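Hi,

Here is the model I said I would pass on. Have a look at it first, and then read my notes below.

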Amino acid sequence: MSRIAITVNGQTLVGNTHQPLLEQLEQAGLQPEFQCRNGVCGACRCKLDRGNVAQEDAMAYLAAGEILTCRSTPSEDVALEFDYQVSFVAKKAANL
């Protein structure tokens, strides 16, 4: 597994090259919009400002420079730009 940097609207987090971006963003505590998780709705659409991803087939319309986070796995450091402020959810500490 390769560690990479994922920058979302200027905030950088550590990611990997084997999981879809949507899963990685959620694991980091971010809450990007999504509906279907299989490339049909297009709710997780964002602009790929920098880097490369492997984009699986999808039915949602994408403009030039856009990707679907549910269907894209980064192959190197990436910078993403959402049209909205992606909310952050603090992870709850486990009761010990």
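**What I found**

Thr-7 has Ala-79 as its bridge partner in S8. One step along, Val-8 is bridged to Leu-80 of S8. Keep in mind that this is a predicted model. Between S1 and S8 there are three bridges, and the two strands run parallel. On the S4 side, S8 is again held by three bridges, but S4 (residues 45-50) and S8 run antiparallel. Ala-79 turns up here too, as the partner in S8 of Arg-50.

Zooming out, these strands belong to an open sheet of five, ordered S2-S1-S8-S4-S6, with mixed pairing. Which strands stand at the edges? They are S2 (11-16) and S6 (66-68); each has a single partner strand, so one side of each has no neighbour in the sheet. On average, neighbouring strands are turned by 40 degrees against each other, ignoring direction.

Now for the packing. The largest nonpolar core has 13 residues, and those touching the most other members are Ile-6, Val-8, Leu-21, Leu-25, Leu-30, Leu-80 and Phe-82. Strand S1 (3-8), helix H1 (21-27) and strand S8 (78-81) are the elements that give two or more residues to this core. S1 has the largest share, with three residues.

Setting aside neighbours within four places in sequence, its contacts include Ile-6, Val-8, Leu-21 and Leu-25. Also in contact with Leu-80 are Cys-46, Lys-47, Leu-48 and Asp-49, as well as Ile-67 and Thr-69, among others. Another core lies apart from the largest one; it has five residues, including Cys-44, Ala-60, Leu-68 and Cys-70.

On to the rings. There is one aromatic pair. Its members are Phe-82 and Tyr-84, with ring centres 5.4 Å apart and planes at 55 degrees, so the pair counts as tilted. Is each of the two buried or partly exposed? Phe-82 is buried, at a relative accessible area of 3%, while Tyr-84 is partly exposed, at 22%. Phe-82 is also one of the core residues listed above.

One last thing to look at is Arg-37: its charged end sits over the ring of Phe-34, 4.2 Å from the ring centre.

Cheers

Definitions and conventions:
Residues numbered from 1 in each chain as written. Predicted model: local features only at pLDDT ≥ 70, side-chain atom pairs only at ≥ 80, totals over all residues. Heavy atoms only, no water. Phe/Tyr/Trp six-rings, centres within 6.5 Å; stacked < 30°, edge-to-face > 60°. Buried < 20%, exposed > 50% of the residue type's maximum accessible area, 1.4 Å probe, protein only. Lys NZ or Arg CZ within 6 Å of the ring centre and 35° of its normal. Core = buried A, V, L, I, M, F, W, Y, C linked by side-chain atoms within 4.5 Å. Helix = DSSP H or I, 4+ residues; strand = E, 2+ residues; numbered from the N terminus. Contact = heavy atoms within 4.5 Å. Pairing = 2+ DSSP bridges. Axes fitted to C-alpha atoms, helices over the stretch in contact; angles between N-to-C directions.
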